[in-house]
Amino acid sequence: MKAMRHFFSWAGTLGVLLCGSVCALQAQQFEVDTLHMSGDVYERINFVIMGDGYLDSQLEKFDQDAYRMQARILAEEPLKNYRDYVNVFAIRVPSEVEGAADDPSMPIGNYFGSTYNYAGIQRLLVPLNDGVIMNVLSDHTPWFTQAFMLVNDTRYGGSGGWVATSSTSIPATEIAYHEIGHSFAGLNDEYWAGAQYARENVNMTANNDPESVPWWRWIGDQQIGVYEYESPGNGWYRPANGCKMQILGAPFCAVCKEQFANTILSSVQFVPGWYPEKLSVGSIGEDPVEFGVHVLQTTSESMHTTWYVNDELVAQGDTMYSFNPLATPIGDHSVSATVQETTEMLRNNTYSWSVTWFVSTTVTDVREAQVQALRLELQETVVDRELVATLHGDSRGKARGVVVDLHGNVICEVDMSVGTAQHIELPSIAAGMYLLQVQSGQARVTSKFMVR
Ligand SMILES: [Zn+2]
């Protein structure tokens, strides 16, 4: 079944624009069920299922039909991998009449006007009331990405176009998924639907050179080749024999899966946020700083995060990186995260996203305060050739004390630590004036003492 009703979508949109507030006043409110919720509707792909030809007493059946349909679709590739990129809703619309009409010229009064035999083709099942569909969607789920019409009729049928439509006949899920291929991913049928539908596309071409067909990167892999639509030839070629775009019940071929992935990844931000939010982090203290990215992970966990400090790879896999300033030279640094979609579904495009923070490990305000707070306590006059000195302050790490005479000659050196009285032996020191200089990190403090 093909995307044959694109022209209607303009009329539908125009109808909504013209209606304005009058329609809003008349709008009928229906219940909206959430069938699958992965995130904010403005940050996800939103599928909305409506039902036609369900009586009020059959709305529970609609609930079950809709739930089953979306559950099956989200359990099969390519959407399986992107479950968390998708929300699914169902609008519970009751009809006065059950099922679909047999013929477009004889409407039966179901809510959305669904009928078989559209354009004289029996299996072509189409909801004709585009204006009504648009009103229901804009009143209930204005942020919808793709709408489906599930028609409560057991006769085989469906159609593509701006609303993917299928009956509740057994392959309803298959029809729906195939139609999503048209309506959402923009794919062509891979069966011969007629010359009027033939066009150059990712899965259809008039070129038969395996080295330059749009899917040349897939040739020879997963049964991808160059297959003519009809034999003897009509000059159009497809990538597979037996893709879901050709046969219901089959999986999508690799080329069609890739096109789904392209459509999803180019419409959903797969890294919706990061922290710290401010990229210019500035000076940091001595405590580790956590950098992180919020990644919309795929089912196969194919979103891969890599961390760099000053362009050097430092970590992979985690969405968080702990930057330790004590293990980093003092100065300016960059911390970067790159998130890449590594799914095997993609060959023609790569999707990656990066963020870079700037951070300084120069002396911080806090440390400067510590420098000023560093203080030496010692007796002014040394007797018995022993100096007792105590270093005060919040200094971290080691401190080094040096005793020098007034000419700058080093008498002795000693390790010191804050808060501990240090006994410094000076056995052969001459009487006179001396200095004790203590260095700790960037901080330095000097005191004089007298030896008698
Ligand atoms: Zn295909």
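Reader: Which residue in S17 is the bridge partner of tyrosine 308?

Author: Serine 336 is the partner of tyrosine 308. A caution before we go on: this is a predicted model, where local features need pLDDT of at least 70, side-chain atom pairs count only at pLDDT 80 or more, and totals for chains, interfaces and linings use all residues. Residues are numbered from 1 along each chain as its sequence is written.

Reader: What makes S14 and S17 a pair?

Author: Two strands pair if DSSP finds at least two bridges between them, and strands themselves are DSSP runs of E with at least two residues, numbered from the N terminus. Strand S14 (residues 303-309) and strand S17 (residues 332-341) are joined by seven bridges and run antiparallel, so they pass. S17 also pairs with strand S18 (residues 352-360), again antiparallel, over nine bridges. Valine 335 has tryptophan 357 in S18 as its bridge partner.

Reader: Why are S19 and S24 said to stand at the edges of their sheet?

Author: That open sheet has three strands in the order S19-S21-S24, paired antiparallel. Strands S19 (375-378) and S24 (421-425) each have a single partner strand, so one side of each is left without a neighbour in the sheet. Neighbouring strands here are turned by 30° against each other on average, direction ignored; the axes behind such angles are lines fitted to C-alpha atoms, for helices over the stretch in contact, and angles run from 0 to 180 degrees between N-to-C directions.

Reader: How many bridges link S21 and S24?

Author: Five, in the antiparallel sense, with S21 covering residues 386-392. Glutamate 386 stands opposite glutamate 425 in S24.

Reader: What makes a set of residues a nonpolar core?

Author: Its members are buried Ala, Val, Leu, Ile, Met, Phe, Trp, Tyr and Cys residues joined through C-beta atoms within 7 Å. Buried means 20 or more other C-beta atoms within 10 Å of a residue's own (exposed is 12 or fewer, partly exposed in between), with C-beta atoms placed from the backbone. The largest such core has 79 residues, and Ile49, Met50, Phe148 and Ala176 have the most contacts inside it.

Reader: Why does this core lie between domain 1 and domain 2?

Author: Domain 1 (6-184) and domain 2 (273-362) both give residues to the core, so it lies between them. The domain bounds come from an automatic or database domain assignment.

Conventions: Helix = DSSP H or I, 4+ residues; strand = E, 2+ residues; numbered from the N terminus.
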